[in-house]
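Let's take a look at a protein chain together.

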Amino acid sequence: MRFTLIAALKDIKRRLADPVALLWWMGVPIVIGGLMSLIGGDNGPAPKARLLLVDLDQTFVSGLVARAGSQGQLAEFLEIHPVAAGEGQRGIDAGDASALLVIPKGFQDGVLREQPTVLTLVTNPSQRILPAILEEGLRMTIEAAFYGQRLFG
């Protein structure tokens, strides 16, 4: 305990010996934080990604995909709209959504039997950030399904 006290006193004396450096050390983060709060302001609500979902399989497992995006904190960021295939493509072409996800027929059988299954994700070319976030989220979901298969066989 005594060693810790001596070391702390030595550090305090060294800091107090150069008050300008101490002010810079304490002042720079405060100034930067203040400037960031002035610049940040209130930007309004966070943007929401709009995902059009075409579920050609209509099974329990394909329904899990839609339900996964409408729960918890993800629901604050993501709006999932089930649509027909033609309507989904028209929505993407018109720029009304961030992405279109097509779940093919036979998706549940492919997942449960560990057979190759292709999910089609069409992103809106006029948007960059929201479609990229959706794509990364889909990759994480695919990885979770892979490891779920390994765990539960």
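## Contacts along the chain

Among contacts between residues at least 6 apart in sequence, what percentage join residues at least 24 apart? The figure is 68% for this chain. Keep in mind that you're looking at a predicted model.

## The overall build

Start at the N terminus and the elements go α-α-β-α-α-β-α-β-α-β-α. That gives you seven helices and four strands.

Now for the dimensions. The chain has a radius of gyration of 26 Å, while a compact globule of 153 residues would come in near 15 Å. Along the principal axes, the C-alpha atoms fill a box of roughly 75 × 40 × 20 Å.

## Surface and charges

Of the 153 residues, 21% are buried. The chain exposes about 11300 Å², and 64% of that comes from carbon and sulfur atoms.

There are charges to consider too: 14 positive and 15 negative ones.

Zoom in on helix H5, residues 85-94. Its buried residues are Gly88, Gly91 and Ile92. They sit on the same side of H5 because they cover an arc of only 95° around the axis. Over on the other side, Arg90, Asp93 and Ala94 are exposed.

So what do the buried residues of H5 pack against? Their partners are strand S1 (49-55), strand S3 (99-103) and strand S4 (120-123). After H5 comes Gly95, with a positive phi near 80°.

Terms used. Residues are numbered from 1 along each chain as its sequence is written. This is a predicted model: local features need pLDDT of at least 70, side-chain atom pairs count only at pLDDT 80 or more; totals for chains, interfaces and linings use all residues. Side-chain values use heavy atoms; hydrogens and water are left out. Helices (H or I, at least four residues) and strands (E, at least two) are DSSP runs, numbered from the N terminus. The radius of gyration is taken over C-alpha atoms; the globule rule is 2.2 Å times the number of residues to the power 0.38. Buried means under 20% relative accessible area, exposed over 50%, partly exposed in between (1.4 Å probe, protein chains only). Contact means heavy atoms within 4.5 Å. Accessible areas come from the Shrake-Rupley method with a 1.4 Å probe; for residues, only the protein chains shown count as cover. Lys and Arg count as positive and Asp and Glu as negative; His and the chain ends are not counted. The place of a charge is taken as NZ of Lys, CZ of Arg, CG of Asp or CD of Glu. The arc is that of the directions from the helix axis to the C-beta atoms.
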